[in-house]
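Visitor: Could you walk me through this one, feature by feature? I'd like the general idea before each case.

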Amino acid sequence: MSLPDYKSTGKQSTAPVQSKSQVVQLNIGGHVFSTTLGTIRKFPNSTLADLFNGSSKLRMDSEGRYFIDRNGTHFGLILEYLRSEKVPTEHLQEVHKEALYYDIKPLAKAIEDMPQIFGETVGRQQFLARVPNYRENLEVIVKVARAEAIASRYSKIIVCVLRTEDDLARYNDAIDNIDTPKESVVRFGPWKAPASVEDLLDCIRMDIEAKGYKVKIEPHNIDKGFLFKSYNFFYKLTFTWW
């Protein structure tokens, strides 16, 4: 069965797609692929297979190719897995995201079992889920840093990391002695997980740098004399803009 001959962008296909050997032309967000219907339907319960079950109204591009409005940069790796069941070894995070989107469960599971992704999802992400307001705090840090970047090469943000409930009990005394306005200090913790303060700081750095920022983290030391009661809760994040 040949593809419907649509010549104007935005048309929809209502013709059934049946034969497994039928050649299918795909346009995934501007990336063009050729495959067979059998390959696309490799996993019948997937969302991708369901799109080609004959009842979905897929859009067609101006060349008569089936159009899916999604970034197709890594779809070739998805297609290769459907053809050969070869699990990719590169761009794992991105391919995993696409496997979840198209509901290709065997591929998603295979990637999740790989050491790189296993450590991220089972280790790091499970830890961060136990740190109250972690994602929200990251957004605050970036927002404040950007606000302080005007006519400046650096932005400096103070964060307070409280590992335990005992640290939290000492927080008020600690914040009263810091040389920074209280409202500008971003607080993390406490959390119930084996991960250390250094582990959390590594996560903060990794996630901020993943957004494209250059940041350095170091202890924020306050020298107020011999009688000053010191706390090691505070760290300085330095954003470098140029």
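**The largest pocket**

Guide: Let's begin with the lining of the largest pocket, which by class has four nonpolar, four polar and six charged residues. The classes count Ala, Val, Leu, Ile, Met, Phe, Trp, Tyr, Cys and Pro as nonpolar, Asp, Glu, Lys and Arg as charged, and the others, Gly among them, as polar. Before going on: this is a predicted model, where local features need pLDDT of at least 70 and side-chain atom pairs count only at pLDDT 80 or more, while totals for chains, interfaces and linings use all residues. Residues are numbered from 1 along each chain as its sequence is written, and side-chain values use heavy atoms, with hydrogens and water left out.

Visitor: What is a pocket here, and which residues lie nearest the centre of the largest one?

Guide: On a 1 Å grid over the protein atoms alone, a pocket is an open set of points where a 1.4 Å probe fits, with protein on both sides within 12 Å along at least five of seven lines; lining residues have an atom within 4 Å of a point. In this model, 14 residues line the largest pocket, and Gln93, Glu120, Arg124, Gln125 and Asp207 lie nearest its centre. Its space comes to about 250 Å³, where volume is the space filled by probe spheres set on grid points joined across faces, edges and corners.

Visitor: Which helices supply the lining?

Guide: Helices and strands are DSSP runs numbered from the N terminus (helices H or I, at least four residues; strands E, at least two). H4 (92-101), H6 (115-128) and H10 (197-210) each give at least two lining residues, and H6 has the largest share, with five.

**Confidence and overall make-up**

Visitor: How do I read the confidence, and where does pLDDT stay under 50?

Guide: pLDDT is the predictor's confidence in each residue, from 0 to 100. The protein chain has a mean of 88, with 88% of its residues at 70 or more. Residues 1-9 are where pLDDT stays under 50, and the model has 29 contacts for them beyond four places in sequence; a contact means heavy atoms within 4.5 Å.

Visitor: How many helices and strands are there in the protein chain?

Guide: Ten helices and nine strands. Of the 242 residues, 40% are buried, where buried means under 20% relative accessible area, exposed over 50% and partly exposed in between (1.4 Å probe, protein chains only). Among contacts with a separation of 6 or more, 64% are between residues 24 or more positions apart.

**One side of a helix**

Visitor: Which residues of H5 are buried?

Guide: The general idea first: an α-helix has 3.6 residues a turn, so residues three or four places apart point the same way. In H5 (residues 105-112), the buried ones are Leu107, Ala108 and Ile111. They sit on the same side of H5 because they cover an arc of only 100° around the axis, the arc being that of the directions from the helix axis to the C-beta atoms. Their cover includes H3 (75-84), H4 and H6.

Visitor: And Phe43, buried or exposed?

Guide: Buried, at 18% relative accessibility. Phe43 is in the loop between H1 (37-40) and H2 (47-51). Leaving out residues up to four places away in sequence, Phe43 touches Ala49, Tyr81, Leu82, Ile104 and Pro106.

Visitor: What does Thr238 touch?

Guide: Thr238, in S9 (residues 234-240), is buried at 7% relative accessible area. Beyond four places in sequence, its contacts include Tyr154, Ser155, Lys156 and Val215. Lys156 belongs to S6 (residues 154-161) and is partly exposed, at 48%. From Lys156 to Phe239 is 6.4 Å, C-alpha to C-alpha, though they are 83 residues apart in sequence.

**Backbone exceptions**

Visitor: Where is the cis peptide bond?

Guide: As background, most residues other than glycine have a negative phi, and most peptide bonds are trans. Here a cis bond joins Gly189 and Pro190, with omega about 0°. Pro190 sits in the loop between S7 (186-188) and H10.

Visitor: What is the phi of Glu85?

Guide: Positive, about 60°, although Glu85 is not a glycine. Glu85 lies in the loop between H3 and H4 and is partly exposed, at 45% relative accessible area. His91 is in the loop between H3 and H4 too, with a positive phi near 55° and 41% relative accessibility, so His91 counts as partly exposed.
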